[in-house]
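Have the structure open while you read.

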Amino acid sequence: MKSPSRLIARAAVFLSLFLRPAGPAIAAGPATREITLEVSELTTSDVAVSPDGAWVAFTLLGHVFRVPVAGGRAEQLTFGIGYEREPVFSPDGKSLAFVSDREGNPSVFLLDLGTRKLQQLSKDPVAAHPAFFPDGSAVVYVRLAAQSTAHGPDPEWMAGEIRRKLLGGDSAEILTAAPASQFSGLFFLPDKRLAWVSVVQEPNARERSSRIQVLETKGQSASAQVLRAVAGVVDRVALSPSGRSVVVRRRRNDEQGPEELVEVPLGPGAERTLATLPGGLPGRRWRPAHAVLKDAVLVAEKGALRRYPLSGGEPSELKFGASVKLELLEPAAALADAGSRTPPILSISEAPSGALVFASLGNVYRQPARGTAEALPLGPGLHRDPALSPDGETVAFVTRLSGKEALRILDKGKTAPRALLEGGDYASPSFSASGDSIVFEERVKGGSRIVVLPVKGGTPRTLVEGLQPGTRPQLSQDGKSVTYTSRNAVLRLPLTGGRPRTATRLPWPVRDAVFSPDGKLLMWHRNREVFQALAGELTTKSSSKSTGKDPVDAFGFSPKSDAFLLSSGGRVFRQVLATGKRTEVPVKLPAKGGKNELRPVLLKRVRLFDPVGRTVGAETTLLLENGRISRRGDAEGPMPKGAIVLDAEGRVALPGLVDSAVDSQKADLQALLAEGVTTVRDAGGSVADVRSLAARAELPGEALPRIVAGGEVLEYLAPEVWNSYQAIGPEDVAAAAARVRTQGLPYLALSRSLSDDLSNLAAREAAKAGVSTVWETMTAESLVRAVTRGAGLLEGTPGPEPLGADLLGLLGKTKRFWIPNGGTVPPDAPAHLVAARAKGAAETVRALREAGWPLLPASAGHPGRTVHTELEGFVAAGATPLEALAFATLDASRALGLTDSGTLEKGMRADLLLLEADPTNDIRNAARVFRVIRNGTVFDPATLGPR
């Protein structure tokens with residue numbers, strides 16, 4: 001670790017070269033509305049005390065208020081759409097500085113309490129921890145180099161620098177900075193020296209510790225001196241009235257436990273614990289700031305502003321009341337997934353004979369130069385990622401069957417494939433130039449690795465690991481290296497070992513990079529656009545060009561490297577490199593299925609669940625024809641020819657259940673169907689991949705649920721979701737919102753990796769485009785930001801603390817859709833935090849249900865979780881069984897913009913399930929599925945064979 005004495009100006013200049021420039025202010029756009037809430041308690045808050053001790057400033061639902069120190073009626077000081085935090089009074093008490101994202105980036109603002117004039121002081125990627133100079137002439141703050149995400153900034157690990165902004169000055173001056181260091185909790189000592197706290201990890205230490213440091217200046221040089229070391233993690237500091245000690249909030253054991261409110265002398269002397277505060281989950285960020293009164297410490301805790309006496313004893317409450325005015329972006333309604341008239345063509349390649357090999361509909365096809373495509377004899381399962389051998393005769397591919405994957409190969413002249421590897425998570429196989437080896441990506445816990453394997457069998461060898469998904473590895477023509485993508489670079493790694501060599505230097509992420517067979521050309525994906533460049537020593541932005549603005553699903557080179565193939569929306573094009581001429585290559589998928597293949601089904605003596613009235617009716621009949629409900633009730637009518645008659649014997653029929661968050665590329669879809677799930681929302685996979693599989697699910701007789709592409713996932717540079725749409729600037733955000741609209745997708749999902757300015761901009765761009773947004777809400781801050789910025793669907797449960805009356809009041813006036821995700825906890829979290837999270841999640845779900853929010857069940861890829869365990873959780877939180885079933889049917893369908901499912905009315909899709917027992921009084925009976933009917937075909941869940 002570097003010494004504090006090395007915090008010098010040269011390091012600050014070095015750091016500033018890598019800081020992302022501030023984004024532009026968000027322009028006025030879509031319509032908003034205003035709501036008013038009466039609040040007397042809060043969920044979380046930063047607090048500050050005026051110099052004269054008369055006023056307390058605090059944050060509430062993302063705005064700044066002030067109240068007399070004795071309590072009473074609080075006054076709202078900030079308005080509009082923005083989230084404010086960390087208020088601090090000026091030395092004369094006439095103004096407040098705070099951090100706000102109202103203009104995009106979290107920036108420092110100055111509010112004149114007399115005139116109410118608001119001034120933006122900083123324009124940085126992320127600003128935090130403002131403090132006034134003792135004479136009031138300037139504000140110091142931390143300029144953070146990393147991104148502020150939907151979970152809030154993490155001040156412990158963000159590299160940054162301390163800056164001083166003179167009030168009335170034009171630019172901010174760097175006071176001190178250091179690469180790979182951080183600063184938080186800025187404050188001034190009585191002798192006017194600037195101090196702060198830094199968290200460090202000493203070598204071989206079991207836990208982190210903190211250092212309270214002070215800035216020492218001598219002439220033109222500056223250095224940091226340690227005043228006091230503090231065990232544990234400290235990120236908030238408040239100077240005591242005497243100035244000889246500080247009060248800090250401390251966490252021990254790497255955040256896995258309660259927080260302590262501790263008085264720490266700045267000189268010799270022992271620490272003194274004042275109180276123990278509830279702890280948070282590992283990774284919980286941005287602890288609220290506390291403040292010191294004359295004789296007590298003021299902390300927002302357990303829904304109230306509490307005073308903890310400095311002399312010890314029980315806390316007292318600072319009671320307040322406030323009328324809160326909030327401006328909200330109006331949410332757009334979710335668009336129904338429009339799908340595609342023709343299934344997307346994926347993983348396309350060309351054989352020397354001119355034949356095309358590609359994936360579509362969960363199959364692998366070969367289409368001769370002239371003729372119709374034929375599915376290869378690959379056996380049962382869903383097949384993807386085909387790769388051709390150099391001679392075009394052998395195909396490697398990935399099969400998923402019953403939720404398990406295998407890397408397989410169909411050898412030349414064979415009628416059945418053989419397995420190379422089984423039980424892993426495989427992607428993007430590619431043959432060597434000699435055809436005797438295959439390189440592929442294997443996704444493992446913590447990332448991905450690239451593996452090479454002999455085609456004839458043998459021991460796989462890992463070449464590189466610790467990568468992000470989506471590497472598309474490729475062996476070089478000479479067989480001496482492997483190329484792969486990693487974030488914004490294409491890398492070459494010698495097979496003999498050593499460090500990889502960079503082949504590109506690009507300002508944005510790279511995906512699916514592949515070299516032509518002759519090694520002279522490089523192509524790659526950037527979002528849905530494809531670029532190409534000569535494969536020289538180093539490919540840059542200026543040396544590359546786009547192949548066109550049309551969204552591309554897949555691409556590949558011709559065997560002679562004289563052309564490349566592109567697929568877009570089910571169409572395939574061949575473009576000659578020498579001339580740039582592009583022609584369409586007609587793809588003819590074999591006809592399969594048709595409405596006349598569906599036999600009518602007559603259900604007799606069936607009791608129908610009505611999710612609107614939340615009732616179960618008397619016995620009746622239901623006729624299903626051509627995948628729809630054609631007749632309901634005992635009305636006379638001819639019996640359709642060849643109809644299947646099924647006597648329900650008084651069983652209850654439900655509309656098919658909806659699983660609102662599924663990875664359709666990895667989930668065991670037949671197992672979901674057996675549970676009665678007839679519709680799934682894919683929560684972030686490639687739209688083309690999802691829609692290809694969705695088209696397969698619509699074929700008559702397919703034992704698959706309906707698959708809805710949940711929307712585009714918008715992320716920053718480092719993706720958490722493979723095949724997301726990555727944004728590094730405003731133009732990307734606008735393009736993503738427009739793309740969701742033109743593709744007819746339900747949502748634009750805003751990843752927590754997005755910076756505040758980009759997520760704020762995305763919310764406005766989506767609203768202007770009439771597109772709904774999905775926000776992940778794991779903290780109180782992200783919840784407020786999501787609701788006020790027009791989110792139509794929320795995912796995740798804030799916690800572990802229950803929501804306060806302020807947030808509950810906000811939720812009560814803004815009905816949207818919510819996927820609680822069971823109150824997810826990290827798999828390695830300690831038992832007491834798991835219990836706290838579960839308790840907090842149950843209370844949150846109860847509060848949401850009482851506020852009238854539709855709760856959508858989702859398995860979300862978590863082991864052991866199903867739609868039914870979610871429904872049981874909803875009932876445990878106070879919902880009736882019929883209410884919970886309405887959540888999983890009608891409400892979940894409406895959340896996806898689906899108007900043809902969710903009820904059992906005439907004309908609706910024939911997606912339903914019959915139960916062995918009545919769920920009216922016991923929600924567990926909803927899991928006792930007797931038969932599932934999907935798209936008009938009856939399945940036995942025990943075998944999932946059509947009857």
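The protein has 10 helices and 70 strands. Keep in mind that this is a predicted model.

Q: What share of the 947 residues of the protein counts as buried?
A: Of the 947 residues, 59% count as buried. To get that label, a residue needs a relative accessible area under 20%.

Q: Among contacts between residues at least 6 apart in sequence, what share joins residues at least 24 apart?
A: That share is 54%.

Q: Why is Gly 185 called buried?
A: Gly 185 has 8% relative accessibility, and the cut-off for buried is under 20%. The value falls under the cut-off, so Gly 185 counts as buried.

Q: Where is Gly 185, and what does it touch?
A: Gly 185 is in strand β15. Leaving out residues up to four places away in sequence, Gly 185 touches His 129, Ala 195, Trp 196, Val 197, Asp 235 and Val 237. As for Ser 198, it is 13 residues from Gly 185 in sequence, with 8.6 Å between the two C-alpha atoms.

Q: What makes the phi of Lys 192 worth a look?
A: The phi of Lys 192 is near 75 degrees, which is a positive value in a residue other than glycine. Most residues other than glycine have a negative phi.

Q: Which phi does Asp 385 have, and where does Asp 385 sit?
A: Asp 385 isn't a glycine either, and its phi is positive, at about 55 degrees. Asp 385 belongs to strand β32, residues 382–388.

Q: Why is Asp 385 called buried rather than exposed?
A: Asp 385 has 17% relative accessibility. Since buried means under 20%, Asp 385 goes in the buried group.

Q: Why is Glu 207 called partly exposed?
A: Glu 207 comes out at 29%, so partly exposed it is. Glu 207 lies in the loop between β16 (194–200) and β17 (209–218). Glu 207 and Arg 252 are 45 residues apart in sequence, and their C-alpha atoms are 7.7 Å apart.

Q: What makes Arg 628 partly exposed?
A: Its relative accessibility is 33%.

Q: What makes helix α3 mostly covered?
A: Nine of the 11 residues of α3 (687–697) are buried. Among them are Val 687, Ala 688, Leu 693 and Ala 697.

Q: Why is Leu 699 called buried?
A: Leu 699 has a relative accessible area of 17%, and buried means under 20%. So Leu 699 is buried. Leu 699 lies in the loop between α3 and β61 (706–709). Leu 361 is 338 residues from Leu 699 along the chain, and their C-alpha atoms are separated by 9.5 Å.

Q: How do the axes of α4 and α5 cross?
A: The axes of α4 (residues 730–743) and α5 (residues 756–769) come within 9 Å and cross at roughly 35 degrees. This crossing is right-handed.

Q: Which kinds of residue make the contact of α4 with α5?
A: Nine nonpolar, no polar and two charged. The residues include Val 733 and Arg 741 in α4, and Leu 761 and Glu 765 in α5.

Q: How much space lies in the second largest pocket, and which residues are closest to its centre?
A: About 1,100 Å³ of space lies there. Of the 40 lining residues, Val 49, Val 88, Phe 89, Phe 187 and Leu 239 are the closest to the centre. The lining divides into 26 nonpolar, nine polar and five charged residues.

Technical notes: Residues numbered from 1 in each chain as written. Predicted model: local features only at pLDDT ≥ 70, side-chain atom pairs only at ≥ 80, totals over all residues. Heavy atoms only, no water. 1 Å grid on protein atoms, 1.4 Å probe; cavity = no way out; pocket = protein on both sides within 12 Å on 5 of 7 lines; lining within 4 Å. Points joined across faces, edges and corners; volume = space filled by probe spheres on them. Nonpolar A, V, L, I, M, F, W, Y, C, P; charged D, E, K, R; others polar. Axes fitted to C-alpha atoms, helices over the stretch in contact; angles between N-to-C directions. Helix = DSSP H or I, 4+ residues; strand = E, 2+ residues; numbered from the N terminus. Left-handed = near helix turned anticlockwise from the far one by under 90°. Contact = heavy atoms within 4.5 Å. Buried < 20%, exposed > 50% of the residue type's maximum accessible area, 1.4 Å probe, protein only.
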